Amino acid sequence: MNALLLFALISLSFADDFEQAYSDLGHDRTIYISENGPKLAVVTDQAKVISQRGANATLPCKFHRDPTLAPNPKLRIKWTKLTYDYLKEIDVFVAMGFHKKSYGRFHGRVHLQDAGENDASLVINELTLEDYGKYKCEVIDGLEDDTVVVSLDLQGIVFPYFPRLGRYNLNFHDAEKACQEQDAIVASFDQLYEAWRGGLDWCNAGWLSDGSAQYPITKPREPCGGKGTVPGVRNYGLRDKEKNRYDVFCFTSNYKGRFYYLIHPSKLTYDEAVQACQKDGAQIAKVGQMYAAWKLLGYDRCDAGWLADGSVRYPISRPRRRCSPTEAAVRFSGFPDKKHKLYGVYCFKGNN
Ligand SMILES: *[C@@H]1O[C@H](CO)[C@@H](O)[C@H](O)[C@H]1NC(C)=O
């Protein structure tokens, strides 16, 4: 029993060191394959790749086989994506000789980099938000088989969200839909954790992609888990995806297009706002697009404007009196009556 526990502890700390060690590795490492040892080794020189939506990313993977062996025309390279719980794998790409196949959402978007005969690196074109996650590179050479995992991280922003319906109204499926409608996806725990490290403090629990409900606290206070407690991401654990209702943390990344405040002679109702953007060859902007413009482009505008979900917000990058005096933030003015003719509008014009 004790030995088992000890083993579990060792493998835990090993997991930490492992990522550390791999990210420290140089590019020109030589792998020696001994005669009695394994005849195949699969390695990566970058355990984490950081990219952005719309870009092309290369997930590096190389294999080393025993040089005395004849080439194996049946050598197989297989890429899969791990699900959030690491319990399942989704097929991405398989290659054997000239035969190549890509699957599902990856169809037509992935190919091998093919930089030399030992290269198994995968190129993914036109990255989507859903591509975020961990990928497994597997090489199968007869009876030999080895794997390595590469993480694909996207530059972007996590934002808390609740719809017009009000606070704590989303089950997990509503939450997925709500983020999608804001040009985003449900954030992962790692993404929320990074946002918390960057200072995100939010006192309402929201769904995360693993089906847990959590919230990030940087300034502990009484209603948010207790005054004397340490800062951290507070976790309600895995919740019932049908029955439990929370807000949601969404994640979005770079977009291809233009986000802007529409210059218009008068204030607008919601319906007028929708039409005004259309007349300008654009669409009323989504909440995710405002957050992306604010975070990734430093967009700053002290005018409250309608967004597609019927909320009114404005993005402030340079805090100043009467806008957002103490912090850079996307300011939220609520979900006003759609008939109120009191606000401007933010539009989004996609490329092509
Ligand atoms: C991604 O790759 C495609 C095909 O090779 C290329 O046409 C496109 O310009 C690349 N996109 C970016 C953002 O580099």
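Trainee: Why is Glu126 called partly exposed?
Mentor: Bear in mind that this is a predicted model. Glu126 has 13 other C-beta atoms within 10 Å, and a residue is partly exposed when its count falls between the limit for exposed, 12 or fewer, and the limit for buried, 20 or more; Glu126 is therefore partly exposed. Glu126 sits in the loop between strand E9 (122-124) and strand E10 (133-141).

Trainee: Why is Asp183 called buried?
Mentor: Asp183 has 22 other C-beta atoms within 10 Å, and the term asks for 20 or more, so Asp183 counts as buried. Asp183 also belongs to a loop, the one between helix H2 (172-181) and strand E13 (185-186).

Trainee: What makes the phi of Glu126 and the phi of Asp183 worth a remark?
Mentor: Phi of Glu126 is near 50 degrees and phi of Asp183 is near 60 degrees, both of them positive values in residues other than glycine. Most residues other than glycine have a negative phi.

Trainee: Which residues of helix H3 are buried, and how do you know that they line one face of the helix?
Mentor: In H3, which spans residues 189-197, the buried residues are Gln191, Leu192, Ala195 and Trp196. Seen down the axis of H3, these residues fall within an arc of 140 degrees, so they line one face of the helix. As background, an α-helix has 3.6 residues a turn, so residues three or four places apart point the same way.

Trainee: What do the buried residues of H3 pack against?
Mentor: They pack against strand E12 (156-161), strand E15 (212-217), strand E16 (232-238) and strand E17 (247-253). Just after H3 comes Gly199, with a positive phi of about 110 degrees.

Trainee: What makes helix H5 mostly covered?
Mentor: Of the 11 residues of H5 (residues 287-297), 9 are buried, among them Val287, Met290, Tyr291 and Trp294. What covers the buried residues of H5 includes E12 and E17, together with strand E18 (257-261), strand E21 (312-316), strand E22 (329-332) and strand E23 (344-350). Just after H5, Gly298 takes a positive phi of about 65 degrees.

Trainee: Why are strand E3 and strand E8 said to stand at the edges of their sheet?
Mentor: Their open sheet has 3 strands in the order E3-E9-E8, with antiparallel pairing. E3 (57-59) and E8 (110-112) each have a single partner strand, so one side of each is left without a neighbour in the sheet. From one strand to the next, the twist in this sheet averages 25 degrees.

Trainee: How do you know that E3 and E9 count as paired?
Mentor: E3 and E9 are joined in the antiparallel sense over 3 bridges, and pairing asks for at least two, so E3 and E9 meet the condition. Ala57, for instance, has Ile124 in E9 as its bridge partner.

Trainee: How many bridges join E10 to strand E5 and to strand E11?
Mentor: E5 (residues 76-82) and E10 run antiparallel and are joined by 6 bridges, with Thr80 facing its bridge partner Lys136 in E10. E10 and E11 (residues 144-154) pair in the antiparallel sense over 9 bridges, and the bridge partner of Cys137 in E11 is Val148. E10 and E11 form a hairpin with 2 residues between them, and Gly142 in the turn has a positive phi of about 65 degrees.

Trainee: Why does Ser151 count as partly exposed?
Mentor: Ser151, which lies in strand E11, has 18 C-beta neighbours inside 10 Å, and 20 or more would be needed for buried, so Ser151 counts as partly exposed. Ser151 and Val49 are 102 residues apart in sequence and 6.1 Å apart in space, C-alpha to C-alpha.

Conventions. Residues numbered from 1 in each chain as written. Predicted model: local features only at pLDDT ≥ 70, side-chain atom pairs only at ≥ 80, totals over all residues. Helix = DSSP H or I, 4+ residues; strand = E, 2+ residues; numbered from the N terminus. Arc of directions from axis to C-beta. Contact = placed C-beta atoms within 7 Å. Axes fitted to C-alpha atoms, helices over the stretch in contact; angles between N-to-C directions.
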